[in-house]
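Let us take a friendly walk through one protein model. Have the picture ready to turn, and follow along residue by residue.

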Amino acid sequence: EFIPKYRTCRRQARQQAGEADHHEGMSSDDELTPTEVGEFQKSKDNVLEDSRKVFEDVHADFCDIRKILLKFQEWKEKFPDSYCDAYIGFCLPKLLNPLIRVQLISWNPLEQNLTELEEMPWFRAIEEFSDAENVSES
């Protein structure tokens, strides 16, 4: 059975303190020490800071989902055969994945002041692109 190191340490500390009312699997973040909370926050801040630098050296036209999708829309309108032959519908998820993941790094679905996915700019851009694509196909 795999039990993470921190869980084992907390269990040993409870056993030494004689806490018998603890039920396995009912742990909470309240059991984290201030040092652990501080380390987690520092690590989280480092990840968020690094994520801001990921597209630092990329031209604005290639790190903005809306601008990327506009280029694909122009391609489709000017060269529909080439666009269709390139299977762009299958390529876009892989192409946009890194851009969306960077934007979702700080998103926490458990926060009370949660921004819904449907309200995020990247989601709206993809939705508009999909709507434009469906209109042009019909």
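## A look at the charged surface

Glu119 is partly exposed, with 42% of relative accessible area. Keep in mind as you look that this is a predicted model. You will find Glu119 in the loop between α5 (88-104) and α6 (121-137). This residue belongs to a negative surface patch, whose members are Glu116, Glu118, Glu119, Glu127 and Asp131. A residue needs over 30% relative accessible area to join a patch, so the 42% of Glu119 passes that cut-off.

**The overall plan**

Now step back to the whole chain. How many helices and strands does the chain have? There are 6 helices and 0 strands. Read from the N terminus, the order of elements is therefore simple to write: α-α-α-α-α-α. Of the 138 residues in the chain, 16% are buried. Buried here stands for under 20% relative accessible area.

**Two salt bridges**

Next come the charged pairs. Side chains of opposite charge can pair when their charged atoms come close. In this structure there are 2 salt bridges.

One of them joins Glu49 and Arg52, with 3.1 Å between the closest N and O atoms. Both residues sit in helix α2 (residues 34-53), and because they are 3 residues apart there, about one helical turn separates them. Glu49 is partly exposed at 36% relative accessibility, while Arg52 is exposed at 57%.

Arg66 and Glu128 form a salt bridge too, at 2.5 Å from N to O. This pair links distant parts of the chain, since Arg66 belongs to helix α3 (residues 65-78) and Glu128 to helix α6, 62 residues apart. Arg66 is partly exposed, with a relative accessible area of 35%. Glu128 is partly exposed as well, at 44% relative accessibility.

| Residue | Relative accessible area | Class |
|---|---|---|
| Glu49 | 36% | partly exposed |
| Arg52 | 57% | exposed |
| Arg66 | 35% | partly exposed |
| Glu128 | 44% | partly exposed |

**Cysteines**

A disulfide is a covalent bond between the sulfur atoms of two cysteines. How many disulfides does a search of the whole structure find? The search gives 0. Cys63 is partly exposed, with a relative accessible area of 24%. Cys84 counts as exposed, at 52% relative accessibility.

**A backbone angle to notice**

Most residues other than glycine have a negative phi, and most peptide bonds are trans. What is the phi of Tyr87? Tyr87 has a positive phi of about 50°, although it is not a glycine. Look for Tyr87 in the loop between α4 (80-85) and α5. Is Tyr87 buried or exposed? With a relative accessible area of 54%, Tyr87 is exposed, because exposed means over 50%.

**Distances along the chain and in space**

Arg124 is in helix α6 and counts as partly exposed, at 42% relative accessibility. Between Arg124 and Ile65 there are 59 residues of sequence separation, and their C-alpha atoms are 10.0 Å apart in space.

Asp61 gives you another pair to check. Asp61 lies in the loop between α2 and α3, and its relative accessibility of 25% makes it partly exposed. From Asp61 to Lys71 the separation is 10 residues along the chain and 9.0 Å between C-alpha atoms.

Key. Residues numbered from 1 in each chain as written. Predicted model: local features only at pLDDT ≥ 70, side-chain atom pairs only at ≥ 80, totals over all residues. Heavy atoms only, no water. Patch = residues over 30% accessible without salt bridge, like charges linked within 9 Å, V, L, I, M, F, W, Y side chains within 5 Å. Areas by Shrake-Rupley, 256 points an atom, 1.4 Å probe, with all protein chains shown as cover. Salt bridge = Lys/Arg side-chain N within 4 Å of Asp/Glu carboxyl O. Lys, Arg positive; Asp, Glu negative; His and termini not counted. Charge placed at Lys NZ, Arg CZ, Asp CG, Glu CD. Helix = DSSP H or I, 4+ residues; strand = E, 2+ residues; numbered from the N terminus. Buried < 20%, exposed > 50% of the residue type's maximum accessible area, 1.4 Å probe, protein only. Disulfide = S-S within 2.5 Å.
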